[in-house]
Amino acid sequence: MLKFHQHSVLVEHLKQGDEKAFAHLIQEYHQLLCTFAYNLSKDTGKSEDIVQNVFLKVWEQRSQLKAEYSLKSYLHKLTYNEFIDQTRKQKSMSSLEKKYVETLNNFLEQKDWDQINKVITVVKAEIETLPPKCKKVFTLSKQDGLTNIEISEHLKISVKAVESHMTKAFSILRKKMGDKIKTILFFVFSN
């Protein structure tokens, strides 16, 4: 590991995909970055996640490393950016969750459970009438919780095709059920 103490040698070995160089990088900077991430987030678990994502990005983008730039500065910048990204996602999710709960409460106030169960039955029947591939994509997404990329890999179709099937499914269901279809689907797939 002594050979990796020279910055340019470490960078060159990283660019070549040398796992020992990567292990050295982690050993050298892990604690420093965890401390930096903790000072930003004030959360031990979150700081470890941030640093893990940083090292993953370094490995994935290792071919772009430059020997003339400081690895320490680069790693600190990546750590800061990862913290900002996670914070934005968390805030975005919080406002999204708040809106979803409000919509759900409004829906529940307007409906009684017998009526909701009838709507669920109708929606399930409508889902069954979707074109086969469209139905498969839709249920993998809504029932199984797969992402578009996971569905794409599972069905061996493009992500664009997945998006197209989802758009088509929502369009068909929205025509039959109205704009509250997303709220209704919550009940359908939680049963």
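The protein chain exposes about 12500 Å², and carbon and sulfur atoms supply 52% of that area. This is a predicted model, and its chain holds 9 helices and 0 strands. Here is a short tour, from the whole chain down to single residues.

**The chain as a whole**

- Read along the sequence, the pattern is α-α-α-α-α-α-α-α-α, in keeping with the count of 9 helices and 0 strands.
- The protein chain has 191 residues, and 34% of them are buried.
- Take the contacts between residues at least 6 apart in sequence: 62% of these join residues at least 24 apart.

**Helices α2 and α3**

- Helix α2 covers residues 19-41, and α3 covers residues 44-60.
- The axes of α2 and α3 come within 8 Å and cross at roughly 145°.
- In this pair, α2 passes α3 in a right-handed crossing.
- On the α2 side, the contact is made by E19, F22, L25, I26, Y29, H30, L33, C34, A37, Y38 and S41. On the α3 side, the partners are T44, K46, S47, E48, I50, V51, V54, F55, V58 and W59.
- E48, one of the α3 residues in that contact, is partly exposed because its relative accessible area is 45%, which lies between the limits of 20% and 50%.
- From E28 to K72, the C-alpha to C-alpha distance is 9.8 Å, while the two residues are 44 apart in sequence.

- Helix α4 runs over residues 71-110 and includes Q86.
- Is Q86 buried or exposed? Q86 is buried, because its relative accessible area is 19% and the cut-off for burial is under 20%.
- Which residues does Q86 contact, leaving aside its neighbours within four places in sequence? They are K46, D49, I50 and N53.

**Helix α6 and its partners α7 and α8**

- Helix α6 spans residues 132-142, helix α7 spans 148-155 and helix α8 spans 159-177.
- α6 and α7 pack at an angle of about 135°, their axes being 10 Å apart. That angle makes α6 oblique to α7.
- α6 passes α7 in a right-handed crossing. The residues in contact are K136, V137, L140 and S141 of α6, together with I151, H154 and L155 of α7.
- With α8, the packing angle of α6 is about 95° and the axes lie 9 Å apart. α6 is therefore roughly perpendicular to α8.
- From α6, the residues K133, C134, V137, F138, S141 and K142 make the contact with α8. Their counterparts in α8 are V162, H165, M166, K168, A169, F170 and L173.
- V137 and S141 take part in the contact with α7 and also in the contact with α8.

**T139 within α6**

- T139 sits in helix α6, and counts as buried because its relative accessibility is 17%, where burial means under 20%.
- What does the side chain of T139 reach? It reaches the backbone oxygen of K136, at 3.2 Å.
- K136 is also among the α6 residues in contact with α7.
- Leaving aside neighbours within four places in sequence, T139 is in contact with I127 and D144.

- Most residues other than glycine have a negative phi.
- K42 has a phi near 60°, a positive value in a residue other than glycine.
- K42 is found in the loop between α2 and α3, and is exposed, with a relative accessible area of 55%.
- K156 likewise has a positive phi, near 55°.
- Where does K156 lie? K156 lies in the loop between α7 and α8.
- At 73% relative accessibility, K156 counts as exposed, because the limit is over 50%.

Notes. Residues are numbered from 1 along each chain as its sequence is written. This is a predicted model: local features need pLDDT of at least 70, side-chain atom pairs count only at pLDDT 80 or more; totals for chains, interfaces and linings use all residues. Side-chain values use heavy atoms; hydrogens and water are left out. Helices (H or I, at least four residues) and strands (E, at least two) are DSSP runs, numbered from the N terminus. Buried means under 20% relative accessible area, exposed over 50%, partly exposed in between (1.4 Å probe, protein chains only). A polar contact is a pair of N or O atoms within 3.5 Å; within protein, one must be able to donate a hydrogen and the other to accept it, and residues adjacent in sequence count only if both atoms are side-chain atoms. Contact means heavy atoms within 4.5 Å. Accessible areas come from the Shrake-Rupley method with a 1.4 Å probe; for residues, only the protein chains shown count as cover. Axes are lines fitted to C-alpha atoms, for helices over the stretch in contact, and angles run from 0 to 180 degrees between N-to-C directions. Angles under 35 degrees count as roughly parallel, over 145 as roughly antiparallel, 65 to 115 as roughly perpendicular and the rest as oblique. A crossing is left-handed if the near helix is turned anticlockwise from the far one by less than a right angle, and right-handed if clockwise.
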